[in-house]
Amino acid sequence: MTRIQPTRSKRKIHPALSRTYWMRTLAYSLGALLVLDTLPPGPKWIVALVIFFGFIYPTLFYQVAIRMRDTRRIGFAAYGLDAILWSLAVIACHYSIAILFITPLFCVVTSVLMLGFKRGMLSVTVMMIILLTGLHFVEPELFDRASFTQAVFAWFVALIFMFYISYLVNQTTRSFVAARHELQEKNTQIIAQTEQLASISNVAQLVNSTLDIDQVMKTIMERLSRVFSFTHTAILFFDKETQVLNLDRMGGDVPADLISKLQTLNIPLSEENSAFAISVLKKTPVYVENVAEDTGATEGNSAEIYKLVPSKSLLTFPLVKDDQVFGVLAFTNTRDFFHLAQEDIDHIGQYVTYVVSALSNARNYREIQESRAVADAANEAKSRFLANMSHELRTPMNAIIGYTEMIEEEAEERGLQDMIPDLQKVLSSSHHLLSLINDVLDLSKVEAGKIELYPEKFSGDILLADIETTVKPLIDKNNNRLQIEKRNELGEMFLDQTKLRQVVLNLLSNAAKFTKDDLIRCIAERIRQDESEWLVIKVIDSGIGMTGEQLERVFEPFSQAEASTTREYGGTGLGLSISKRFCELMGGTLTAESELGVGSSFVIRIPVGSI
């Protein structure tokens, strides 16, 4: 198994340290030679120190410094240390003019240049303090050991030093200028990218807010006109069955009759050299800088199209959705050539993506609208049929019920007791079937808009008492108890009494069906809200209840909690749907709350109308 050794990242050294290494080494070496030549007779350890600081110290300091964490701070500190060491060298040479000449030059120029004015002046101040202090320890000997050779050497050292300083200044200035130009270029690029992102963001918002393809195309063309010059745009849709491209629409100054003529010229994929066909076959943009030199422009229907729209340059993009090409978007210029780089084509491609989204959204919306229109038409036809057939369906059932009741009475008179149970089953089934037919027809009438209201003046208190009497057999069937609670007098009201009775009876019968051996409450009150009188009836049971998901679809036609509920309790799932529609027709609402295993609560809220 091969073990991969981790690579060490190269340590960065601050320019204050790296750029002055060779200059400091050279200055200390030449300075040491000058100091050794001007030193007065004295202890040998002073000579050893001069040799150490002149030839060993610069390299030793640099090697130690580059291994430290903060090379910037150490690099700047070196200039202050230089001022101290050169000041001590001046004192050791008893202020010899040669050393005294170059020391301030080294310290002042390097300190101010590299540290800045404030820090440089601080370093110079330290040097001056040391030099003034040294006057108390040694006697100045400015010209005692001075020679022409020392002067020339000092001048030579100063010249080399100034040359190097000039070189550093020049390099630094060049670096600053280059950095400034680079920053300006990056700033220009960032501004351009920001404008592009803002433009693309605006197009994205437009695509998500409208289905108007022409408006989307107009906006995108305005944005792209800033990238390159074109005179026309075209959208062609691909027919998979016939394998041809058909023109859908064009943008630009194009007469309507020309568009109509172009729409008759489809481009088959068999024209393999055509830029339009290549975009479909290869799913890639095709840029033709000079159409006159393109072989695809001289073949088949493509040649006819180019005659009608004499293009100089052409750019085509495939319209791809879910990896399937459904069309081509083309840009052309009939007046001049347009020259595009790959980055320009990529930038245009970002906008084409939103064209694909806009076209896809519009096509999906159109298909949905068409499907909805067909479904609505079919539903309306069904509702009209059932509403018109209400008499034909109800009349036979009423006849069956009537004749069965007559036969039952005759059987009782003749003492044919064996026939009575069977006749009662026929009668019960007929009533149940008639109830189902009535529910379906009521729903169909509501959907067809043929339900009419017949408001009348009646007493709400009497209606509630009649409902209590009517529903009592259903309540007793599962050994339940009904508790009617009137919080105030319901009084006179002007409503469709029949439909209100049907809604309340439906809610109570449902409560009785889904509750066993328990209490069912019916709470009624008349309230005033928003300067209107409202009738509020709440039916509360402690039956099987519903889950949140079941509650969401409880008012949908033919909907019940689940299949097991239908098998155990029966019903079609139309009662609540019809009841809700009736309440809404009367200007009110029907709402529900429920908890599985605890029970359900339904609330009717209807305006009582003008008396």
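Trainee: What makes strand β10 (residues 519–529) and strand β11 (residues 532–540) a pair?

Mentor: Two strands pair if at least two bridges are found between them. In this predicted model, nine bridges join β10 to β11, so the two strands count as a pair. They run antiparallel, and Ile527 stands opposite Trp534 in β11.

Trainee: What is the order of the open sheet of five strands?

Mentor: The order is β8-β10-β11-β13-β12, and the pairing is mixed. Averaged over the sheet, neighbouring strands are turned by 15 degrees against each other, direction ignored.

Trainee: Why are β8 and β12 said to stand at the edges?

Mentor: β8 (481–486) and β12 (589–595) each have a single partner strand, so one side of each is left without a neighbour in the sheet.

Trainee: Which helices meet these strands?

Mentor: Helix α15 (residues 460–477) lies across β8 and β10 and runs at about 170 degrees to β8. Helix α19 (residues 575–585) packs on the sheet as well, touching β12 and β13 (599–607), with its direction at about 140 degrees to that of β12.

Trainee: Let's turn to the other sheet. How do you know that β5 and β6 pair?

Mentor: The same test applies: at least two bridges are needed. Strand β5 (residues 313–321) and strand β6 (residues 324–333) have nine bridges, so they pair, in the antiparallel sense. Leu315 stands opposite Phe331 in β6.

Trainee: Which residues of α10 are called buried, and what makes them so?

Mentor: They are Ala275, Phe276, Ala277, Ser279 and Val280. Buried means under 20% relative accessible area, so each of these five falls below that cut-off. Just after α10, Lys283 takes a positive phi of about 55 degrees.

Trainee: Why is Phe137 called exposed?

Mentor: Exposed means over 50%. Phe137 has 68% relative accessibility, so Phe137 passes the cut-off and counts as exposed. Its place is in the loop between α6 (117–134) and α7 (148–209). Phe137 and His94 are 43 residues apart in sequence and 9.5 Å apart in space, C-alpha to C-alpha.

Trainee: What makes up the lining of the second largest pocket?

Mentor: There are 28 lining residues, of which Ile46, Val50, Leu88, Ala89 and Ala92 lie nearest the pocket's centre. A residue counts as lining if it has an atom within 4 Å of a point of the pocket.

Definitions and conventions:
Residues numbered from 1 in each chain as written. Predicted model: local features only at pLDDT ≥ 70, side-chain atom pairs only at ≥ 80, totals over all residues. Heavy atoms only, no water. Helix = DSSP H or I, 4+ residues; strand = E, 2+ residues; numbered from the N terminus. Buried < 20%, exposed > 50% of the residue type's maximum accessible area, 1.4 Å probe, protein only. Axes fitted to C-alpha atoms, helices over the stretch in contact; angles between N-to-C directions. Contact = heavy atoms within 4.5 Å. 1 Å grid on protein atoms, 1.4 Å probe; cavity = no way out; pocket = protein on both sides within 12 Å on 5 of 7 lines; lining within 4 Å.
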